[in-house]
Amino acid sequence: MSEQIKYILDESKIPANWYNIEADLKEHTPPPLDPATGKPIDPAKLEAIFARGVIEQETSRERYIPIPEPVRAILQQWRPSPLYRARRLEKALNTPARIYYKFEGVSPSGSHKSNSALAQVFENKRCGTKFITTETGAGQWGSALSQACQIFGLHCRVYMVKCSFDQKPYRKAVMELFGGETIPSPSNRTEAGRAVLAKDPDCSGSLGIAISEAVEEAVKNPDTKYCLGSVLNHVLLHQTIIGEEALLQMEMANDYPDMIIGACGGGSNFAGIAFPFIGEMLRGGKKVDVLGVEPAACPSLTKGKYAYDFGDVAKMTPLMKMYTLGSSFIPPAVHSGGLRYHGMAPQISNIAKQGLMRARTVQQLDVFRDAVAFARSEGIIPAPESSHAISAAMDEARKCAETGEHKCILFNLSGHGHLDMSAYLEYFAGKLKNYNYPEQEIAMALSGLPVCDENAK
């Protein structure tokens with residue numbers, strides 16, 4: 001038994017470091033560009049938006065970055081999160097595959113988002129921030145950040161994508177329980193929101209719009225900073241505690257995945273489970289098949305263009321090199337609100353470009369069909385976002401049932417669905433529908449990609 005495993009078993013402690021995949025990549029992720037100059041942005045310029053400690057993590061190429069002890073002390077309330085063998089699901093599928101899942105729904109906010117929320121708010125507390133603004137899709141990130149701000153004594157304002165605000169009222173209640181203020185986006189509170197509403201008063205919103213509103217408020221107020229729940233390097237870094245734990249837990253199980261699966265919206269939960277295993281592979285370890293799963297209604301990895309683009313609708317963010325559907329693209333109002341983002345994280349886009357992972361889409365009705373089957377087998381109600389990974393894992397297990405292959409499959413169950421029951425009710429009532437890839441709308445959005453030297457190459 002390794003000392004690391006003994007450390008976790010005997011003392012219920014968590015990894016001391018986050019893993020930074022940038023240290024092991026042959027081709028580093030292209031840096032963000034200043035839209036005014038088209039050149040790599042000066043990190044000092046980012047201090048108008050982010051805490052200094054977060055910016056240092058964002059730009060680091062160190063392989064391991066220590067988790068601050070005050071953050072570890074809070075994470076230890078529910079970490080290590082459990083790794084389960086899905087034996088009842090295996091039996092239901094009559095498959096020889098071995099299915100494991102890392103369950104992040106045990107956190108107080110009900111998802112993996114708390115891993116980064118605590119880290120970011122801690123850094124903001126250290127630099128004297130008083131107010132935090134953010135966006136949220138389905139509400140997991142807003143819930144996590146509201147709680148983190150409550151713990152560290154900061155005020156939190158959350159711009160929640162309007163369709164999710166209407167679909168998931170209890171997420172709003174959770175945010176307010178933890179002291180957060182929740183505003184449906186687009187709103188009349190910001191210039192960005194008012195501009196969207198002037199064009200479309202009934203706009204259902206998107207993460208790109210909500211980001212614009214939150215960033216605008218942070219830029220205009222010197223005592224306010226912005227926190228992002230996905231996409232950027234530092235967020236993916238914080239989530240690697242998931243995969244670092246899973247590496248040790250798989251060793252405890254005397255097994256190792258042939259395949260790793262994660263749902264992909266902005267990329268945080270996928271990176272959390274996959275990056276540490278990809279790092280092992282890049283350093284000479286076992287080769288693993290890594291699969292990112294995204295909604296057919298918002299297929300950035302499978303249908304997007306690899307280019308520099310803005311992270312928000314109002315074009316207030318730096319330019320990021322990523323697979324994008326165009327920053328003005330507003331996805332259909334599917335129930336997986338946390339996956340409705342126009343671009344994929346630059347680091348994930350980079351590893352996809354290098355062939356270190358593959359991607360596929362899944363339709364909404366298939367997601368809910370398999371979520372129900374999983375819940376009835378394993379007794380855990382999964383969030384719609386997490387269920388994209390479940391659906392793909394079940395598809396792979398069904399293939400193994402046909403071929404007889406004894407494959408080991410690991411996926412990240414990134415959150416529970418206790419506050420998503422209205423979506424399940426609509427599914428049972430036959431009210432949900434599939435959305436095909438909106439080709440014309442995406443083509444229009446991509447036609448508006450920023451003009452810069454890098455995009456011209």
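How many positive and negative side chains does the protein chain have, and how far apart do the centres of the two sets lie? There are 49 positive and 51 negative side chains, and the two centres lie 2 Å apart. Lys and Arg count as positive, Asp and Glu as negative; His and the chain ends are not counted. Each charge is placed at NZ of Lys, CZ of Arg, CG of Asp or CD of Glu.

1. **Ground rules.** This is a predicted model, where local features need pLDDT of at least 70, side-chain atom pairs count only at pLDDT 80 or more, and totals for chains, interfaces and linings use all residues. Residues are numbered from 1 along each chain as its sequence is written, and side-chain values use heavy atoms, with hydrogens and water left out.

2. **Overall fold.** The protein chain has 20 helices and 14 strands. These are DSSP runs, numbered from the N terminus: helices are H or I with at least four residues, strands are E with at least two. The radius of gyration is 20 Å, close to the 23 Å that the globule rule gives for 457 residues, so the protein chain is as compact as a globular protein of that length. The radius is taken over C-alpha atoms, and the rule is 2.2 Å times the number of residues to the power 0.38. Along its principal axes, the C-alpha trace spans about 55 × 50 × 50 Å.

3. **Burial and surface.** Of the 457 residues in the protein chain, 62% are buried. Buried means under 20% relative accessible area, exposed over 50%, and partly exposed in between (1.4 Å probe, protein chains only). The accessible surface comes to about 17,400 Å². Carbon and sulfur atoms account for 50% of that surface. Areas come from the Shrake-Rupley method with a 1.4 Å probe; for residues, only the protein chains shown count as cover.

4. **Contacts along the chain.** Take the contacts in the protein chain with a separation of 6 or more: 77% of them join residues 24 or more positions apart. Contact means heavy atoms within 4.5 Å.

5. **Aromatic pairs.** The structure holds 12 aromatic pairs. Rings of Phe, Tyr and Trp (its six-membered ring) pair if their centres lie within 6.5 Å; planes under 30 degrees apart count as stacked, over 60 as edge-to-face, and the rest as tilted. F368 and Y424 form an edge-to-face pair, 5.4 Å centre to centre with 75° between the planes. F368 lies in helix α16 (residues 364-378) and Y424 in helix α18 (residues 421-428), so the pair ties together parts that are 56 residues apart in sequence. Both F368 and Y424 are buried.

6. F374 is in helix α16 and F411 in strand β14 (residues 408-413), so to speak distant parts of the chain, 37 residues apart. F374 and F411 are both buried. Ring pairs link Y84, Y101, F374 and F411 into a cluster.

7. **I209.** Is I209 buried or exposed? I209 counts as buried, at 1% relative accessibility. It lies in helix α10 (residues 207-220). Not counting residues up to four places away in sequence, I209 touches S185, P186, V196, C203, V313 and I330.

8. **Cis peptide bonds.** The bond from S185 to P186 is cis, with omega near 10°. P186 sits in the loop between β7 (181-185) and α9 (191-199); both S185 and P186 are among the residues that I209 touches. The bond from R79 to P80 is also cis, with omega near 5°. P80 is in the loop between α3 (69-75) and β3 (83-85).

9. N94 has a positive phi of about 50° although it is not a glycine. N94 is in the loop between α4 (87-93) and β4 (98-103), and is exposed, with a relative accessible area of 63%. N254 also has a positive phi, near 55°. N254 lies in the loop between α12 (241-252) and β9 (259-263) and counts as exposed at 72% relative accessibility. N233, in helix α11 (residues 233-239), is buried, with a relative accessible area of 16%. Leaving aside neighbours within four places in sequence, N233 is in contact with E58 and Q347.
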